[in-house]
Structures are given as structure tokens and as C-alpha cells.
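The sequence and the structure come first, and the description follows.

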Amino acid sequence: MKDSKTFGFTTSILHSDRQKAIEHGSLHKPIHTSVAFGYRDARELAAVFQGKQPGYRYGRQGNPTVAALEDKITRMEDGVATLCFATGMGAIGAIMQSLLRSGDHVVSSAFLFGNTNSLWQTVQGQGMPVSFVDATDVAQVEAAITPATRMVFVETIANPRTQIADLARIGALCRQRGILYVVDNTMTSPYLFRPKAVGASLVVNALTKSIGGHGNALGGSLTDTGLFDWTLYPNIAASYKRFAPVQWGMAQLRAKGLRDFGASLGPEAAHHLAVGAETMALRIERESASALAIASMLAADPRVAAVHYPGLASHPQHEIATTLFKAYGGLLSFELRDDIDCFDYLNRLQLAIPASNLGDTRTLVIPVAHTIFYEMGAERRASMGIAESLIRVSVGIEDTDDLLHDFSQALAA
Ligand SMILES: *Cc1c(COP(=O)(O)O)cnc(C)c1O
């Protein structure tokens, strides 16, 4: 077979299982449900536990079906290794719990997924201060860095207001300062953007969203891009330094983050996510085209007060999105004119479904301030640019004309 390095994105995903020996020539990696694994003899069992020989120990720390998915994500992100978790939050929590120590400081984008914001509040309560900055401006990131700063955390396109972090400049800054650069790539997905291209150290993906893509399985992942020099990181325990430095971070994340906290991805979910990933590129192309059409239509309508979508020339980071991303993605948000009630509008939609989640095959809409961003309060919402009437749209793969008709008929009250 041709060298898999030269395959295109989708070919590489479709044929990745066959690159390794696969049971019975099965074309999908089988779902292995066994929690425990057998060995040739007791010495081999010990060698696997001591990391001297590859192999599986116990289902919480690794599983062949999950490993096949990890391998696919490593290819998608062009990384060196990937760890999967039960959810995206499990992956993000693992970073915080296994890499930070009391007194460490974090610089995070202020424009964050709501639960990541909530988790950072917990981390602050545990003695690790977090500075929230406008990450569209590298100067603000730089100004917040102190000698205790251990990591900079950003999302690519922030959900729901679609602010785009100054990804390349922040990458250059982190490299220059030797700081771990963590990029949550969920909103772009590795199809639209590889954070490795801007110097990311660790890449987060909520597999629940575009990668799985069908709203039928939860999952999260962390990928080490291989760019970070872990010998610069002070919090690696001695037991993980017996590996090559490029493996230190993942070794500690697997043990301290996955093994000890236990947010392990189940093999059935891993299978759903792996199958979903096969069509990711096709879905995202369609979603991006429809999202651009819907955003353009709404932006031209006087009943709409504001539309936030990186594909619009009016978007403040349109240039960055055009330079870095293959397309502009399936997420947009908009505000209606004051005299149109956002709940009434949502109730008039016939196709788009009021629901949380995004990156689903079905178009989903949600009144953000009243639901997913309700708990944080009006002040923090305002600081994130979230209007009380903001509606988030996660565009699915329905036919574009049907979606355009739906969003427009609901305006005509
Ligand atoms: C959904 C999401 C997460 C969390 O993923 P879950 O699988 O729901 O835990 C993290 N980051 C971003 C940007 C997300 O959209």
C-alpha cells in the first residue's frame, strides 16, 4: 500500500485500521469489551505493567478499540500521540488535574465553552490563579504572563460568539517563553485546522461534536503535537521521566489524568466516534457552505440586529479565519432586533431543533443566555460579548435550501 503519510485526510481515516494487523481482516476495528487482558505468562504481565513491553493492563487505562480511535485522531492532528476520554470535559479536566500544581498560573482566553469556564473557576479555588484575557489580541496574553505561568489555553473559534484567538502569534509567544500552549480545536476540528501549524503543544477535541458528528456518543481527546519540550515543564513526576522526553506529558496525562480520575472512553462509544469520523470532511464541507448561506441571508435582513460568523467579511477576524482555516465551519450566532422575541422566533422554526450540542447532523438552535450560559450570570456574559437575545445555530447537513427557507420563514411573523 502507498505510504499512508501521503494519503488525503479522509482516505487516511478510512484506511487507518487496516494499516495494522486487524482481527479476521475485519474492515472496522472490532469493539473489544474485555476489561482485563491475558498474557503469555506472569513475567509478560509484569513487563506490560512496568511499561517495558506494549500491551493493555486494565480497561480504564486503555483498550484496543479506543487505541484505534486514538491512532486516527493522531493522524488527523498530525501529532505524536493521542489519549481519549469519556467526554471533552474529561480531557480538559485531565490537563488541569495532571499538569498544574498549587501556585501555578494559567492564562486563558475569556471566550470559552461555558463548562471550561466553570472548571477554571474550580481550579482557581484549588490555588491556581487563572487570568482571563481577550485572546484575539496577543498583547493581552503577553501582558498576563508571569514567571509562574505554566500554560496558555485558547479555543480556535469561540462558541457562541465566534471570536477567533490570535492563534499564530500566541503560538510564537508561547514558543519563545517555553510555555505549554493548549488549543481546544473542537469548533474547527482537525479537518478545518491543525493547531500544530501554529505551534500548539496539546490539542483538545470534544469528539462528541464534529468528529463523531451524529450526536450519538460522547468523547474527548488530547493530542500531543510533539512540538513542546517537556524537559522545560517543572511538574513532571520522576516516574514519567524514564521515557523519552517527547513522551513525558502523555505518560503523566495517561496515569494522573485518565487512570486516576477515570473518565475513560468506552469501546462502544469509541466505535461510534470512529465510524462518524469517516464522513467528517464531507459533513463539514456541507455544514460550512450552508452556514455561510444562512449567515449571509440573516446579515442582509433588517430584522436581524447582528450576525456572528467568521465567513462574513464583516467578522473582526475574517482575515485570520481565511488564512488559517479550510472553511469557516458550521457554527454561527445572531441577535434579533429588540422587538422580536427570541423564544417566539425559535418556536416558529420548523426544521431547526431547540437543543444543546453542536456538530450534529441535524441543525440545532439554542438561546444561549437562558440556557448554557445562564449559570455564569449577566455580568460575565456581557464580558464575553453574549447578548441576552443571542441565538446559537449549529448547522447540520440538511439541504441548504430547506434551512434557508426555515430561518427566513420564522422571521416573517
Ligand atoms: C462541547 C465542548 C467541550 C466539551 O465536550 P463534551 O464532550 O461535551 O464534554 C469542550 N470544548 C468545546 C469548545 C466544546 O464545544
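## The second largest pocket

The second largest pocket holds about 400 Å³ of space, a volume being the space filled by probe spheres set on grid points joined across faces, edges and corners. A pocket here is an open set of points on a 1 Å grid over the protein atoms alone, where a 1.4 Å probe fits, with protein on both sides within 12 Å along at least five of seven lines, and lining residues have an atom within 4 Å of a point. This is a predicted model, in which local features need pLDDT of at least 70, side-chain atom pairs count only at pLDDT 80 or more, and totals for chains, interfaces and linings use all residues. Residues are numbered from 1 along each chain as its sequence is written, and side-chain values use heavy atoms, with hydrogens and water left out.

Of the 24 residues that line this pocket, Met89, Phe113, Asn115, Ala206 and Lys209 lie nearest its centre.

## The ligand

The ligand takes up the space of the second largest pocket, where a molecule counts as sitting in a pocket if more than half of its atoms lie within 2 Å of the grid points. Among the polar contacts (pairs of N or O atoms within 3.5 Å), an oxygen atom of the ligand is 2.8 Å from a polar backbone atom of glycine 88, while a nitrogen atom of the ligand lies 2.7 Å from a side-chain N or O atom of aspartate 184.

## The largest pocket

The largest pocket contains about 1,200 Å³ of space. Its lining numbers 38 residues, with Gly55, Gln61, Glu70, Leu83 and Arg254 closest to the centre.

Technical notes. Polar contact = N/O pair within 3.5 Å; in protein donor to acceptor, adjacent residues only side chain to side chain.
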